[in-house]
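This briefing is intended for a reader who works from coordinates.

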Amino acid sequence: MSSASPPTPTSPRSPRNIVVIGGGIQATSVAFHISQSKHLPDGSSVTILEAQKLANAASGKGGGFMARSWGDGSPTQTLHELAFDMYEELCPMLGVQSYRKLPVLSVSPGPTAKSRQDNKSKNPSISDIVPNWLDGSVGRLAPMGFGDDTAQVTPREVVERMIEFAAIDVVLGKCVGVDAEVKGEAKAVTGVKYVDKETGEERVLPASDVVVSAGPWSCNAEHWFDGAVSLPMDGVKSTSIVWRPPRDGSPVDATALFCGEDPRYNTHLECYPRPDGTIYLCGIGGSDYISTQQLQNDAFLTDCPPKEDRVEAATASFQMMSHAYQTDGELLQSQACMRPCPPDAKPYMGRIDGYHGAFINAGHNCWGIAWAPACGKAMAELVLEGSCKSVNLNPFNPSRFTAPGSRGGRGRKKKGVSVGEQW
Ligand SMILES: Cc1cc2nc3c(=O)[nH]c(=O)nc-3n(C[C@H](O)[C@H](O)[C@H](O)COP(=O)(O)OP(=O)(O)OC[C@H]3O[C@@H](n4cnc5c(N)ncnc54)[C@H](O)[C@@H]3O)c2cc1C
């Protein structure tokens with residue numbers, strides 16, 4: 001369904017050296033699906049290049065909630081549906097323990113515990129899914145799902161299991177550029193330049209193909225491909241917290257909560273109890289918008305501190321709803337991470353014009369975990385088969401913000417060398 005592919009410089013069955021930049025859930029899913037594809041020629045290599053460590057950013061700190069039918073009918077709907085179904089098969093195959101379907105309640109912040117009791121008694125179907133830890137003061141409760149099409153997974157575990165299962169090579173180092181040679185009317189990728197994390201030396205990974213999948217920092221690819229593509233991106237930086245499992249080992253009921261805006265604390269909590277007994281909270285307000293330019297200067301790549309005032313606000317807001325956690329709750333973790341947001345809230349998925357063997361898969365906003373299997377599958381098809389069958393990638397064209405004259409294309413010259421007429 002994707003647009004016509006430019007000719008590949010090598011025969012389809014020549015071994016490929018494929019480098020995927022990033023070690024989050026999106027990059028890992030791309031590398032995993034490429035490595036599992038029957039279309040990967042024998043003798044090929046698949047390598048992840050990660051600047052810090054696997055799942056270091058949002059893919060280690062995001063909620064991991066997914067919902068099959070919550071799309072708004074826009075082009076990303078297929079990603080919701082395909083990925084939800086894929087997780088159901090993938091998680092048992094990979095041995096992922098943190099995956100489960102779970103019901104979801106909408107909660108209006110409210111003054112009394114009594115209103116909760118009223119809610120319970122009036123609607124037995126709600127009372128079935130009100131979790132034991134929601135025993136404090138809340139307003140109106142309404143079911144958003146009974147667990148048929150809503151699920152959760154702890155994203156770090158998915159990343160680790162995919163890497164292990166497919167035995168993908170991981171190189172720790174920060175990508176700083178892409179080597180390419182002129183090939184006919186375009187350029188062809190030959191290598192990926194990186195600074196080795198341990199030694200600080202600049203090195204090159206030989207590559208026939210590169211897939212940029214480095215979350216919000218993927219906008220750096222504007223420089224790596226000499227301005228052939230414009231990748232405007234905001235990083236929305238948010239704090240999240242995780243509560244320890246109860247000390248007495250009592251069960252933590254599995255219902256996710258989506259809470260309305262609570263003006264007392266400026267929070268709109270999302271609560272995800274996890275199978276390990278922890279409760280993850282995001283939606284705690286006070287997010288910061290990090291610009292493309294800041295991201296291109298590697299803002300928050302090595303260190304992404306949480307905001308202490310938001311930790312306190314979220315703690316107070318949650319403890320108001322949960323008497324159990326007010327009296328006996330203990331924080332395990334406070335952290336922050338960024339979700340990657342292109343201006344039209346659609347991901348960048350496709351080829352980088354003007355280059356053979358150059359692709360991008362980034363900008364999956366607040367659904368990057370939920371969509372990861374579908375994105376990985378789609379990109380593997382595009383990279384290995386030349387077109388994508390599973391997902392219509394046209395709406396996600398990475399060149400949609402690129403001025404026509406600068407698309408690595410028509411008559412474009414680099415150091416005096418013509419690099420392409422047909423784009
Ligand atoms: C608070 C919060 C809660 C969320 N909850 C959910 C949720 O419940 N469900 C959901 O589906 N989504 C959720 N998301 C969104 C989701 O976390 C992201 O969309 C997703 O993790 C993005 O994955 P990624 O692999 O593209 O990027 P990231 O996880 O950001 O990974 C990018 C990686 O690239 C590496 N990198 C950067 N630059 C370079 C370079 N130059 N060279 C090499 N490596 C580099 C980084 O070190 C990093 O490891 C949430 C996000 C936030 C902020």
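How do the residues of the shell around the ligand divide into nonpolar, polar and charged? The shell comprises 22 nonpolar, 13 polar and 3 charged residues. The model is a predicted one. Its protein chain has 423 residues, of which 55% count as buried, and its secondary structure comes to 11 helices and 22 strands.

**Ligand site**

- Of the 38 residues around the ligand, those that come nearest are E50, S59, F65, N365 and A370.
- The side chain of E50 places an N or O atom 2.6 Å from an oxygen atom of the ligand.
- Two or more residues of the shell come from each of α1, β2 (45–50), α2 (58–61), β8 (169–183), β15 (279–282) and β17 (331–341).
- Among these elements, β17 gives the most to the shell, with 4 residues.

**Chain as a whole**

- Among contacts between residues at least 6 apart in sequence, 74% join residues at least 24 apart.
- The accessible surface of the protein chain comes to about 17,100 Å², and carbon and sulfur atoms account for 49% of it.

**Helix α11**

- Helix α11 covers residues 372–385; at 1.5 Å a residue its 14 residues should span 20 Å, and the 19 Å between its end C-alpha atoms agrees with this expectation.
- Because 12 of its 14 residues are buried, α11 is largely enclosed by the rest of the structure.
- The buried residues of α11 are A372, P373, A374, C375, G376, A378, M379, A380, E381, L382, V383 and L384.
- The cover over these buried residues includes the strands β1 (17–21), β11 (209–212), β18 (348–351) and β20 (358–362), together with the helices α1 (25–36) and α3 (77–94).
- The residue that follows α11 is G386, with a positive phi near 90°.

- Most residues other than glycine have a negative phi.
- A167 is a residue other than glycine with a positive phi, near 50°. A167 belongs to the loop between α6 (155–166) and β8, and with a relative accessible area of 62% it is exposed.
- N266, likewise not a glycine, has a positive phi of about 55°. The place of N266 is in the loop between β13 (256–259) and β14 (270–273), and at a relative accessible area of 47% it is partly exposed.

**Strand β12: D234**

- D234 lies in strand β12 (residues 234–243) and, at 31% relative accessibility, counts as partly exposed.
- Beyond its neighbours within four places in sequence, D234 is in contact with Y289, I290, S291, L295, R339, P340 and C341.
- D234 and A345 are separated by 111 residues in sequence, while their C-alpha atoms are 9.9 Å apart in space.

**Helix α9: E308 and Q319**

- Helix α9 (residues 308–321) contains E308, and Q319 is also found in helix α9.
- E308 is partly exposed, with a relative accessible area of 48%, whereas Q319 has 18% relative accessibility and therefore counts as buried, the limit being under 20%.
- The C-alpha atoms of E308 and T239 are 8.7 Å apart, although the two residues are 69 apart in sequence.
- Which residues are in contact with Q319, leaving aside its neighbours within four places in sequence? They are W243, Y325 and Q326.
- With Y325 there is a polar pair: a polar atom of the Q319 side chain lies 3.1 Å from the backbone oxygen of Y325.

Key
Residues are numbered from 1 along each chain as its sequence is written. This is a predicted model: local features need pLDDT of at least 70, side-chain atom pairs count only at pLDDT 80 or more; totals for chains, interfaces and linings use all residues. Side-chain values use heavy atoms; hydrogens and water are left out. The expected span of a helix is 1.5 Å times one less than its number of residues. Buried means under 20% relative accessible area, exposed over 50%, partly exposed in between (1.4 Å probe, protein chains only). Contact means heavy atoms within 4.5 Å. A residue is near a molecule or strand if one of its heavy atoms lies within 4 Å of it. A polar contact is a pair of N or O atoms within 3.5 Å; within protein, one must be able to donate a hydrogen and the other to accept it, and residues adjacent in sequence count only if both atoms are side-chain atoms. Ala, Val, Leu, Ile, Met, Phe, Trp, Tyr, Cys and Pro count as nonpolar, Asp, Glu, Lys and Arg as charged, and the others, Gly among them, as polar. Accessible areas come from the Shrake-Rupley method with a 1.4 Å probe; for residues, only the protein chains shown count as cover.
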